[in-house]
Amino acid sequence: MTAGSLDIQALRLAALIYSNLAAARAAVRSKINDGLRGFGLSLSSTEYSVLRVLAPEIGGATVGQLAEFFVIPRTSIRRVLNKLERQGMVASFQPPEDRRERRWAATGEGSAAIADVPSLPLSGDDNLVLANQLGVLLHALRSSGPVAAWAPAVVGSFEAAKDGG
């Protein structure tokens with residue numbers, strides 16, 4: 001096998017991983033949206049997730065922190081926050097220690113709306129496999145070097161999970 005063919009295989013693997021993650025994201029989003037409708041909520045999965053993260057006990061979060069956490073653009077987070085604010089589910093405030101900062105937190109109404117909704121409608125085993133595989137993939141993607149360097153570890157991890165190990 002030549003270095004060029006390894007690079008092609010690594011790129012194919014990266015494309016496969018990306019498409020599988022996109023499919024998994026769509027499936028989880030659909031499951032969450034269905035579950036939210038079952039609780040009588042007209043929230044998107046993103047709105048629900050933002051509300052979960054903005055639980056009052058954490059002291060709020062900035063737009064930048066939320067964008068980084070959800071790995072989506074700040075403009076998308078602002079759009080979600082503005083919609084939730086119009087619905088009375090979140091509110092912004094300036095913390096006394098830094099009046100230049102603007103933080104967001106779930107309101108009592110927002111917290112109450114999602115209080116009875118489970119965090120993620122997957123079985124415990126599904127959660128463990130998903131968390132393990134995403135952790136391995138994230139570690140591989142954050143490591144330095146070309147795709148070819150981390151691809152074998154990711155493939156091995158997926159094969160181990162598929163085989164139940």
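Colleague: Which parts of the fold do the buried residues of α4 pack against?
Modeller: They pack against α2, α3 (63-70), β1 (90-93) and β2 (103-106). Contact here is heavy atoms within 4.5 Å, and helices (H or I, at least four residues) and strands (E, at least two) are DSSP runs numbered from the N terminus. Keep in mind that this is a predicted model, where local features need pLDDT of at least 70, side-chain atom pairs count only at pLDDT 80 or more, and totals for chains, interfaces and linings use all residues. Residues are numbered from 1 along each chain as its sequence is written, and side-chain values use heavy atoms, with hydrogens and water left out.

Colleague: OK, which residues of α4 are buried?
Modeller: Ile77, Val80, Leu81 and Leu84. Buried means under 20% relative accessible area, exposed over 50%, and partly exposed in between (1.4 Å probe, protein chains only).

Colleague: How many residues does α4 have, and what does it reach from first C-alpha to last?
Modeller: It has 13 residues and reaches 18 Å, close to the 18 Å expected at 1.5 Å a residue. The expected span is 1.5 Å times one less than the number of residues. Just after α4, Gly88 takes a positive phi of about 80°.

Colleague: Switching topic: how many salt bridges are there?
Modeller: Four, counting a side-chain nitrogen of Lys or Arg within 4 Å of a carboxyl oxygen of Asp or Glu. Side chains of opposite charge can pair when their charged atoms come close.

Colleague: What does Lys83 form a salt bridge with?
Modeller: Glu47, with the closest N and O atoms 3.0 Å apart. This pair links distant parts of the chain, since Lys83 is in helix α4 (residues 74-86) and Glu47 in helix α2 (residues 45-53), 36 residues apart.

Colleague: Is Glu47 buried or exposed?
Modeller: Glu47 is buried, at 5% relative accessible area, while Lys83 is partly exposed at 32%.

Colleague: What about Arg100, which residue forms a salt bridge with it?
Modeller: Asp98, with the closest N and O atoms 3.1 Å apart. Arg100 is exposed at 77% relative accessibility, and Asp98 is partly exposed at 22%.

Colleague: And Arg103, what's its partner?
Modeller: Arg103 forms a salt bridge with Glu101, with the closest N and O atoms 3.2 Å apart. Arg103 is buried at 13% relative accessibility, and Glu101 is partly exposed at 24%.
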